[in-house]
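Good morning, and thank you for joining. I would like to take you through one model, and I ask that you keep the sequence and the coordinates open while I speak.

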Amino acid sequence: MPELPEVETIRRQLESELVGVGFERSWSHPSAKFIAARDVDGAVVEAVDRRGKYLLIGLADDRELVVHLGMTGQLRFENDRGSGSGDSEVLVEDPYVRAWWQCDDGRRLLFRDVRRFGRLAVVDAGEYGGIATLAAMGPEPFDSNLDGRAFHARLRKSRQQLKTQLLSQRPIAGVGNIYADEALFLAGINPVVRTLSLERSERLLSALREVLTGAIERGGTTLRDYRNLSGEGQNQHHLVCYGRAGQECLQCGQELRGRVIDARSTTWCPHCQAR
DNA sequence: CGGGGTTCCTGGCCGC
DNA sequence: TGCGGCCAGGAACCCC
């Protein structure tokens, strides 16, 4: 499940590979989710940016190719990985490749997405009105204008449970199920609370930044399908809460609790994260 | 426009 | 070995 650290890892790798490259021709799976891949033939990549979990591939014609990886989306250059025969047709016969772009340097960029929760769009630069989540997205976690006070104010706009708010992308951008659980644990805050004091908002913002920074440094968390351009991330070896329900808390030894909140498995420590 | 419910998808795993 | 059932879950979409 690619969240901000996973998408940022891919962005950095893609930026150094793709800026200045032109797309000659393209192909996509017929689903409406991927059809926009075909709209960038002849375009030249000018920048590779990120907003939350969305990858924004800036084109020289003032448009952007917007890529959301969903649950299982992967970007890679053909033949960069795999137990390769070297035959350039082999990987495209991978039934889970949903789109590809033939680059003018001879490489082919592949978008692979087993579960098809990903999505592609082409928009005029900065025009995100047609992508509701992106249009309503909160500030980037490392935005220097975002402080505890601003974060606190954004959280106060809703009375939903805190976990749900974080997943909505509205108070802050790029946080998904893994890093929400990790940051709430680190901050000692229960996922179902509906209001936070200023002090606890500050603590949660710090925890989010710490958790996201560590994950970026380790190239993301590879649990199932996530791969960056060069392989697996390493942050899965540093998770302290997510996915550990029933195991003992690494801080106090009590058994971590698990429950579904907002259709997501949620793990927390009943002692360290008491209500 | 926020909130709640539904839907999209398929590999992997479990139990019989 | 085969198979039904269940799980993983981000966000678009629809309705109120």
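**Contacts with the DNA, domains and cores**

I begin with S158: an N or O atom in its side chain lies 3.1 Å from a phosphate oxygen of DNA strand B. Such a polar contact is a pair of N or O atoms within 3.5 Å; within protein, one must be able to donate a hydrogen and the other to accept it, and residues adjacent in sequence count only if both atoms are side-chain atoms.

Let me state the conventions. This is a predicted model, in which local features need pLDDT of at least 70 and side-chain atom pairs count only at pLDDT 80 or more, while totals for chains, interfaces and linings use all residues. Residues are numbered from 1 along each chain as its sequence is written, chains are lettered from A and ligands numbered from 1 in the order in which they are written, and side-chain values use heavy atoms, with hydrogens and water left out.

R115 takes part through its backbone, with an N or O atom 3.4 Å from a sugar or linking oxygen of DNA strand B. The residues around this strand, meaning those with a heavy atom within 4 Å of it, are K33, Y96, V114, R115, R116, F117, S158, R159, Q160 and R170. By class, they comprise three nonpolar, two polar and five charged residues. Here Ala, Val, Leu, Ile, Met, Phe, Trp, Tyr, Cys and Pro count as nonpolar, Asp, Glu, Lys and Arg as charged, and the others, Gly among them, as polar. Of the atoms of DNA strand B within 4 Å of the protein, 70% belong to sugar or phosphate, and the rest to bases.

I turn to DNA strand C. It is surrounded by 16 residues, the closest being H68, F117, T133, Y242 and R264. Their surface has six nonpolar, five polar and five charged residues. Side-chain polar atoms lie close to its phosphate oxygens at Y54, at 2.7 Å, at N177, at 3.0 Å, and at S265, at 2.6 Å.

Next, the domains. An automatic or database domain assignment divides chain A into domain 1 (4–135) and domain 2 (148–268). Their C-alpha centres lie 27 Å apart. Contact here means heavy atoms within 4.5 Å, and 21 residues of domain 1 are in contact with 19 residues of domain 2.

What does the largest nonpolar core contain? It has 28 residues, and those with the most contacts inside it are L14, L18, F23, V67, L75, W101 and F111. A nonpolar core is a set of buried Ala, Val, Leu, Ile, Met, Phe, Trp, Tyr and Cys residues joined through side-chain atoms within 4.5 Å. Buried means under 20% relative accessible area, exposed over 50%, and partly exposed in between, with a 1.4 Å probe and protein chains only. The largest share of this core, four residues, comes from helix α1. Helices (H or I, at least four residues) and strands (E, at least two) are DSSP runs, numbered from the N terminus. Leaving aside neighbours within four places in sequence, W101 is in contact with residues including F23, V40, L65, L75 and F111. Apart from this core lies another, of 26 residues, among them L155, L167, A180 and L239.

Why is helix α5 described as largely enclosed by the rest of the structure? Because 10 of its 11 residues (177–187) are buried. They include N177, the residue whose side chain lies 3.0 Å from a phosphate oxygen of DNA strand C. The buried residues of α5 pack against α1, α4 (162–167), α6 (198–217) and β10. After α5 comes G188, with a positive phi near 70 degrees.

Finally, the backbone. Most residues other than glycine have a negative phi. D62, in the loop between β3 and β4, has a positive phi near 65 degrees and is exposed, at 55% relative accessible area. D262, in the loop between β9 (257–261) and β10 (264–268), has a positive phi of about 55 degrees and is partly exposed, at 36%.
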